[in-house]
Amino acid sequence: MKPSPTAPKTDLPGRTYIIRLAVLVLFINLFIVAISGVLLLQSRAQYCSRAEIVTQNLAQVLEQNISGIVERIDLTLLTTAHQAESLLSAKTVNQKEINSLIGREYACQPELDSLRIADDHGVIRYGIGVPPGSRISLADRDFFIHLRTHQNPGLVIAKPMLGRISGKWVITFARRLNRQDGSFAGVIYAVIPLEHFRKLFATLDLGPRGVVSMREPDLGQIIRYPEPNGLDSAIGNKIVSAEFAKMLQDRPERGTFSARTGLDSIHRTVSYRKIVKYPAYIIVGLSTGDYLTEWRNEASKAVLLILLFCLTTVIGSGLLYHAWNRRKSDLDKLRESESRYRLLFENMTTGFALHEMIYGVDGSACDYRFLELNPAFERLTGIPASDLLGRTVREVMPTVEPYWIEKYDMVASTGQAMSFQDYSGAIGKYFDVWAFSPGKGQFAVIFSDITVRRETEDKLRLMARVFEHSGEALVITGPDNKILATNGAFTTLTGYSQEEALGKDPKILKSGKETREFYVSMWETLLRDGFWQGEIWDKRKDGSLYPKWLAISVVRNEEGEITNYIAGFTDISDRKQAAQKIEHLAHHDPLTNLPNRFSLRERLAQALEQAKRSSLHLVVMFIDLDRFKNINDSLGHHVGDLLLIDVAARLSEAVRSADIVARLGGDEFVVVLPQVRSGVASAHIVSKIQQALSQPFRIDGHDLHITPSIGISVFPHDGETIEELMKNADLAMYHAKSKGRNNYQFFKQEMNSTVHERLLLENDLRAALERQEFLLHYQPQIDLATGRVIGMEALVRWQHPQRGLIAPGLFIPIAEETGLILPLGDFVLKTACRQLVAWQAQGLPPLRMAVNLSARQFKQGNFPSLVAEIIAETGIAPHHLELEITESAAMDNPEAVITHLRILREMGIELAIDDFGTGYSSLGYLKLFPVNRLKIDRSFVKDIESDSDDAAIAAATIALAHTLGKEVIAEGVESKAQLDFLKYQQCDIVQGYFFSRPMPPGEVPEFLRNRA
């Protein structure tokens, strides 16, 4: 309705204005209520968003912490396993050294409850907390079984279990130990109690009803904090919310959700992360009721204020009539306010942008368009606003990350605000973003550039981790030299915690061993050069002293003023002890602890100088143990080593305190008698040595007898230098051995000619094979039951061009020492096989060819294949070949010997044990040897008719062999009486001069025809 033209123009406008103003007030109230509701909801969303960020950060920190623990434990296991494998492969396992190694590594891992080693049967042998004599076994543990059955399993982490020693719930980390051949030697494992994680979780501020837990991939609970029902009830629990289970299927690595948790039905905001180094999830939850408490208080206040406001506007409506004339003034103020807000918008330091979402035909968000930007947006992104307004983000930034569009679509479609920090690859910066939706299909962002802050924070976090986890103890002090910070290694090394050290002067570590001048010089260098390093002694909290290597640096500001001192140091006790041990080992024999060859030369040089100045004599004795090799071969190197230790002790007791006793190696010892009046005067010392060594040695359950061969040289008659005296004493010792052993010989000049003779023989021997100077003679073997020749033994001879025929006793030992026995043995075996084939081609009766093998020849790893090649090359039938191995060679590593013998027997070759009775055979091994015959040594046959002991040994050997189903060969038969005795004892086969000397191959056919 239009107003009357006659109506007063002043009344109608006034009433209309009041009505309009009343309606406006009503709408304002409704608008404020709506805006307040929106703001309260947005505020609540911000609280929830912050809770999500907090749980995400806590989950990430805990995941990194636990992954770091696992990495350190794995590194400790790898380092300890490598050293332990070396120690366990030693001939003698030093338990104390292994436990010391484990103790050092354990001390560097404070979170560990124990670090132990179990053998290949699962029995715990070494480590922390292992009771003496413990037989606790891990053989039924899943991790032990897995490591034993897999060659390269890497690090194995067991499920939580109750420790059998500690009785606590623990998590076990284990690695496999291998022997040198790659076989399973046991496991090394570290144990960390679940209580450690409970203490770690207890340090977090989660609110009254917050919770943190670890779960396995199958959602079985490992630990939960807090757990009101105790640790036992928490382990293995699989009760989780349906939201958590569903989210794990979609996002198995990490995620955040809000739901009522399965155990206590408390609504929480929960973030989880998969632990990289450990098959488990870390889950952090904050109670919604806890973190929204503050928001509820604020909301209550806001509602109260809104109610007050509405009440005020209602009351104020009655006064609208009196306020209508202020309408213009109010409008002016509104315009002024809008201008101020526009000015604020234009001058904001944070970027602002308003966008609208663009959706594809399938209804999914595919892009968004820029609607409004403030100048800060252009400044922070570097993109002019004119290039963006009205255009889509994919038009101007084709490489934009798709997840940005996904995030903003969530804001625009749900109306839920979002706060996050992220990196924009298209722009190349980190942004702190708050996004909200001002209307459907739209979103606005307020953001700031945090690139510099993020880079700084990353650097600070990295430096903090390096500082805390450094293996070197680190200390930072202020310019007044008061301690500001220390790391974990400092506490481990000194015993002082960081709290105890803060504010103290590093003088609390002063040992008192360094002088005042030392510290003055140190500070002068430090202040002049800005750096000092060196060795210094310090004192721990418990009062113990230790050496350390210390490095100090000065930190100055831009003005050159000192702001800090940074010191790093390490304990060098082990390094110094190792140096001392190396020094000791360099001068002493590691087995007997006697001076070694190097130390002997030093001390002998000093004694020689004293003898020259005093005009007295000096005696050098070379001592070699007779037949020591037999003990090593028969009883093993362990017994031999124990015998050498006892011999060293007796030698030291037999001489004077000023005399020198040293070990050169093997079974060779040297005794030096300085300042004696004559060489003859040393005879009583020699007698004491002989008497001391003649007493039985009780070693490992065996009574051992051993004798020395001693060579003596005297200064100055036998030489004036170390080399001359040592060489001549060595010659005299070999002369003593040639005299039957168990005696001593003073050096005589003619001994040099004997050595020269042997050297010439060795040189000729090297060329003898090339010149084909070796030939074979053959001695027949007679069957006592029939008198028929059943075989020939091949015996090597050396036809020297100048010396004539040389017996094997002269050149075989030299061939053994020089290694020429290998090509010589091959020559003998091939020649003997060819000869037997040639005799058979001549129509001679079938014979067996017996060939002796040297120990070195038989020890070749490919010996059976070499024999097979010779058989194939010569054409000999395998059952016509008999290989003889000495008793001592058979007992050296009998397991390997049995393997070779079985292969040869499977080839059809006959086998015999030669020189039986001269070694230390084990009947247990003898019955396992697949041999056909035992050969009685000629030393027992020689006096068989006159010596009752030899007769008894021969008879016992024959009876033993027959009991084991083996034949017996007696060699060295030279008389009718010997032959009759052997027949009576039912010996099977004989050979010796009584029948024939070894003969050249050309005489064998005639001998056989005469015996036919």
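**Salt bridges, helix faces and surface features**

R209 has a relative accessibility of 37% and so counts as partly exposed. In this predicted model, the side chain of R209 meets that of D290 in a salt bridge, with an N to O distance of 3.3 Å. The pair links distant parts of the chain, 81 residues apart: R209 belongs to the loop between helix 4 (194-202) and strand 7, and D290 to helix 7 (residues 288-291). D290 is itself partly exposed, at a relative accessible area of 22%.

Another of them joins R72 to E111, whose closest N and O atoms are 3.3 Å apart. Because R72 sits in helix 1 and E111 in the loop between helix 2 (95-107) and strand 1, this pair ties together parts that are 39 residues apart in sequence. Here E111 is buried, at 7% relative accessibility, while R72 is partly exposed, with a relative accessible area of 27%. A further salt bridge is found between the side chains of R528 and D529, at 3.2 Å from N to O. R528 counts as exposed at 58% relative accessibility, and D529 as partly exposed at 48%. Salt bridges also form a network, which links R848, E882, R905, E910, R933 and E967.

Two helices show a clear division between buried and exposed residues. In helix 3 (residues 142-149), the buried positions are F143, F144 and L147. These residues span an arc of only 100° around the axis, so they lie on the same side of helix 3. D142 and T149, on the other side of helix 3, are exposed. The cover over the buried residues of helix 3 includes strand 1 (114-119), strand 3 (156-157), strand 4 (161-162), strand 5 (169-178) and strand 6 (184-193).

Helix 6 (residues 242-250) has F244, M247 and L248 as its buried residues. Viewed down the axis of helix 6, they fall within an arc of 105° and therefore line one face of the helix. Exposed residues on the other side of helix 6 are A242, K246, Q249 and D250. Among the elements covering the buried residues of helix 6 are strand 7 (211-215), strand 9 (254-260), strand 10 (267-274) and strand 11 (281-287).

I19 lies in helix 1 (residues 11-88) and counts as exposed, at 57% relative accessibility. Together with V23, L26, F27 and L30, I19 makes a nonpolar surface patch of about 510 Å². I28, also placed in helix 1, is partly exposed at a relative accessible area of 35%. Although I28 and T313 are 285 residues apart in sequence, their C-alpha atoms are 9.3 Å apart in space.

Two loop positions complete the picture. N487, in the loop between strand 18 (483-486) and helix 15 (488-494), is buried, with a relative accessible area of 2%. Leaving aside residues up to four places away in sequence, N487 touches F467, E468, S470, E472, A473 and L474. G666, by contrast, is partly exposed at 42% and lies in the loop between strand 23 (660-665) and strand 24 (668-676). G666 and G701 are 35 residues apart in sequence, and 22 Å separates their C-alpha atoms.

As for cysteines, the structure holds zero disulfides. C48 is buried, with a relative accessible area of 14%, whereas C366 counts as partly exposed at 31% relative accessibility.

Note on methods
Residues are numbered from 1 along each chain as its sequence is written. This is a predicted model: local features need pLDDT of at least 70, side-chain atom pairs count only at pLDDT 80 or more; totals for chains, interfaces and linings use all residues. Side-chain values use heavy atoms; hydrogens and water are left out. Patches are made of residues with over 30% relative accessible area and no salt bridge: like charges are joined within 9 Å, nonpolar side chains (Val, Leu, Ile, Met, Phe, Trp, Tyr) within 5 Å. Accessible areas come from the Shrake-Rupley method with a 1.4 Å probe; for residues, only the protein chains shown count as cover. A salt bridge is a side-chain nitrogen of Lys or Arg within 4 Å of a carboxyl oxygen of Asp or Glu. Helices (H or I, at least four residues) and strands (E, at least two) are DSSP runs, numbered from the N terminus. Buried means under 20% relative accessible area, exposed over 50%, partly exposed in between (1.4 Å probe, protein chains only). A disulfide is a pair of cysteine sulfur atoms within 2.5 Å. The arc is that of the directions from the helix axis to the C-beta atoms. Contact means heavy atoms within 4.5 Å.
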